[in-house]
Amino acid sequence: MKMPRYGLGLISNEPVGCSLDGVEGLSPAMNSHEASSPCTRRRRRSRTVARRILGSFLAVMLAFAVTVGWGVVAQRRTARDSELLRSGYLPLVLSVDAALENQNLVSAQLNHITEAKNPADARQWIETARRLRPRIFERIRQSATSKVLTSTDGKARQMSDQIVAASGELEAFLAEDRAMLASLFEALETADAPRAKVLRDGVMAHEIAGARRTRVLKEQVESEMDQRIAAARDRERRALHSLLLLAGLTLLVGFGMTLYARRVLRPLAAVTDRARAVAAGDLTSQKVVAARDEIGELAATFESMVEAISKANEARLQSERLAAVGRMAAHVTHEIRNPLSSIGLNLELLEDELAPVNGSDEPKQLLQAIRRQVDHLSALSEEYLRLARPPQSRLEAEGLPEMVREVSSFVRPELDKAGIELNLELPEQASDVWLDEQQIRQVLVNLIRNAREAMSKGGKLRIAMHEFEQWAELWVEDTGPGIADDVRMNIFDPFYTTKNRGTGLGLAITRQVIDSHGGSIHCEPVEPHGTRFRIRLRRADVADR
Ligand SMILES: Nc1ncnc2c1ncn2[C@@H]1O[C@H](COP(=O)(O)OP(=O)(O)OP(=O)(O)O)[C@@H](O)[C@H]1O
Ligand SMILES: [Mg+2]
């Protein structure tokens with residue numbers, strides 16, 4: 001296998017990509033780039049970073065709102081329970097208690113009334129106390145029917161009804177001994193001690209029975225109150241637990257959302273690293289950060305910017321190289337072209353004047369061999385000159401298929417001789433293309449010659465053309481051995497060749513020409529083996545986009 005070399009060994013072997021497309025993503029065959037192009041990513045962007053962070057924030061806020069809401073509900077319940085106890089049960093229990101006190105007072109006075117020195121005092125106490133009773137029972141009923149009790153819940157209302165009914169019955173019951181009491185006072189006034197004792201015992205028994213019923217009433221209210229307090233305590237404990245749980249959950253949600261936000265923003269670090277690497281000079285193309293948001297879009301845009309910089313760099317390097325080559329070529333050409341042409345002229349003269357020596361043509365043949373080498377050197381210097389001072393392309397709207405047919409018929413004998421089958425796949429009707437006829441002819445010859453040289457044992461050469469959007473694309477495809485990836489990177493460099501007698505200028509000039517046409521040239525492998533060159537030229541009938 002031949003080692004690649006640079007024709008003059010002057011140009012450094014910098015890696016230069018062979019993809020020279022001026023415009024990407026236009027051919028269906030080349031659409032692989034489009035998948036990651038910034039505009040596609042913009043279309044694909046579905047969840048923006050702001051929306052996702054806002055979503056996290058809302059989730060935390062929601063968890064917080066639930067916790068606070070629950071706290072408020074629990075507090076309101078506690079406040080309602082306190083209000084119920086303070087304005088409902090407490091006045092009720094106090095009023096029932098007042099009734100009990102009243103009855104105790106009456107009972108106490110009755111207890112000593114028969115032995116009292118002055119029973120009139122006791123009678124006054126008893127009568128005063130009994131006069132107060134309707135008001136006391138009225139207070140019980142008012143407390144039992146207070147708004148706070150009747151509007152709270154069914155249980156409180158039920159108790160309220162029971163108390164109202166029971167207090168009414170109790171009041172009536174207590175009033176039943178009125179006649180007996182009057183008789184007692186009468187007996188005391190008349191100092192009828194035995195009768196007074198009997199009557200006093202009767203009234204006492206009635207009062208005691210009343211006090212018992214009042215106590216039952218009080219106990220009922222107190223028990224209701226205790227139940228309420230116990231339920232409130234229970235509720236408070238549960239509310240506290242729930243609040244703690246919800247607060248924990250809120251913390252968890254907040255923590256989770258912080259992690260999520262960090263994950264969302266993590267690709268930024270990758271973009272930053274990439275920017276640092278680029279700043280340090282790494283312009284090789286990299287995989288784009290796979291985030292479908294602004295960060296992904298930023299990464300994709302950044303990558304395409306790096307790609308553009310890399311291409312511009314490459315183009316600058318190439319033109320610097322060409323300029324260096326040009327200066328040298330101009331110098332060399334200047335120095336050797338004139339001596340070469342006089343050597344050529346002199347050789348012609350010599351050939352004409354040289355007679356056969358001893359009947360042998362050998363001297364003449366030697367002169368012819370020298371002339372061939374001189375011609376080769378002249379041609380070489382012409383090539384250098386062409387590279388050094390590329391002629392300006394004069395673009396005209398021309399038919400590409402016709403030109404391909406003409407060049408093909410020109411090279412066909414040469415291809416036949418090399419055992420190469422030429423297949424043309426050209427459209428009958430095609431739009432005109434902007435081209436400089438001479439230069440594109442040269443391009444075609446270069447590519448066909450390379451293909452022929454690659455298929456030294458014969459093969460197939462296919463030249464196809466098709467149109468899409470503003471482009472006419474020409475494929476020159478051979479079934480040669482193909483080009484190794486590391487070689488393909490350099491084939492457009494001036495003086496890069498793998499051939500013994502190659503100049504390495506064919507593809508450099510070809511690319512220069514295509515560039516000056518505003519088109520592109522791309523080299524790719526063909527399965528199972530072979531090489532395809534794809535050239536794009538602008539159609540004359542479609543305005544540029
Ligand atoms: N169709 C092809 N198949 C295989 N290799 C190719 C083909 N075309 C070009 N190459 C490779 O690209 C290199 C550069 O080609 P280029 O035409 O620039 O120079 P060259 O053919 O070597 O020299 P010259 O054109 O002066 O004869 C070649 O040496 C060869 O290795
Ligand atoms: Mg060549």
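This report describes helix packing and selected backbone features in a predicted model.

## Helix H2

Helix H2 covers residues 49–113. Its 65 residues, taken at 1.5 Å a residue, should span 96 Å, and the end C-alpha atoms lie 93 Å apart, which agrees with that expectation. The helix also has a bend of about 35°, located at Leu85.

## Packing of H2 against H3

Two packed helices are described by the angle between their axes and the distance between the axes. For H2 and H3, the axes come within 9 Å and the crossing angle is roughly 160°. Because angles over 145 degrees count as roughly antiparallel, H2 is roughly antiparallel to H3. The crossing in which H2 passes H3 is left-handed.

By class, the residues of the contact between H2 and H3 comprise 20 nonpolar, six polar and four charged.

## Packing of H3 against H5

Helix H3 (residues 119–144) also packs with helix H5 (residues 154–175): their axes come within 9 Å and cross at roughly 170°. That angle makes H3 roughly antiparallel to H5.

On the H3 side, the contact involves Arg130, Arg133, Pro134, Phe137, Ile140, Arg141 and Ala144. These residues meet Ser160, Ile163, Val164, Ser167, Gly168, Leu170, Glu171, Leu174 and Ala175 of H5. The contact of H3 with H5 contains nine nonpolar, three polar and four charged residues.

## Packing of H3 against H6

A further partner of H3 is helix H6, which comprises residues 178–189. The two helices pack at an angle of about 165°, and their axes are 11 Å apart. H3 is therefore roughly antiparallel to H6. The crossing of H3 and H6 is left-handed.

From H3, the residues making this contact are Pro119, Arg123, Ile126, Glu127 and Arg130. H6 contributes Arg178, Leu181, Phe185, Leu188 and Glu189. The contact of H3 with H6 divides into five nonpolar and five charged residues, with no polar ones. Arg130 of H3 takes part in the contact with H6 and also in the contact with H5.

## Backbone features in two loops

Two loops between strands hold backbone features of note. Glu469 is not a glycine, yet it has a positive phi of about 45°. Glu469 is placed in the loop between strand S5 (459–468) and strand S6 (471–478).

The other feature concerns a peptide bond: the one from Glu527 to Pro528 is cis, with omega near -5°. Pro528 is found in the loop that lies between strand S8 (520–525) and strand S9 (531–538).

Terms used:
Residues are numbered from 1 along each chain as its sequence is written. Chains are lettered from A and ligands numbered from 1 in the order in which they are written. This is a predicted model: local features need pLDDT of at least 70, side-chain atom pairs count only at pLDDT 80 or more; totals for chains, interfaces and linings use all residues. Side-chain values use heavy atoms; hydrogens and water are left out. Axes are lines fitted to C-alpha atoms, for helices over the stretch in contact, and angles run from 0 to 180 degrees between N-to-C directions. Helices (H or I, at least four residues) and strands (E, at least two) are DSSP runs, numbered from the N terminus. Angles under 35 degrees count as roughly parallel, over 145 as roughly antiparallel, 65 to 115 as roughly perpendicular and the rest as oblique. Contact means heavy atoms within 4.5 Å. Ala, Val, Leu, Ile, Met, Phe, Trp, Tyr, Cys and Pro count as nonpolar, Asp, Glu, Lys and Arg as charged, and the others, Gly among them, as polar. The expected span of a helix is 1.5 Å times one less than its number of residues. The bend at a residue is the angle between axes fitted to the seven residues ending there and the seven starting there. A crossing is left-handed if the near helix is turned anticlockwise from the far one by less than a right angle, and right-handed if clockwise.
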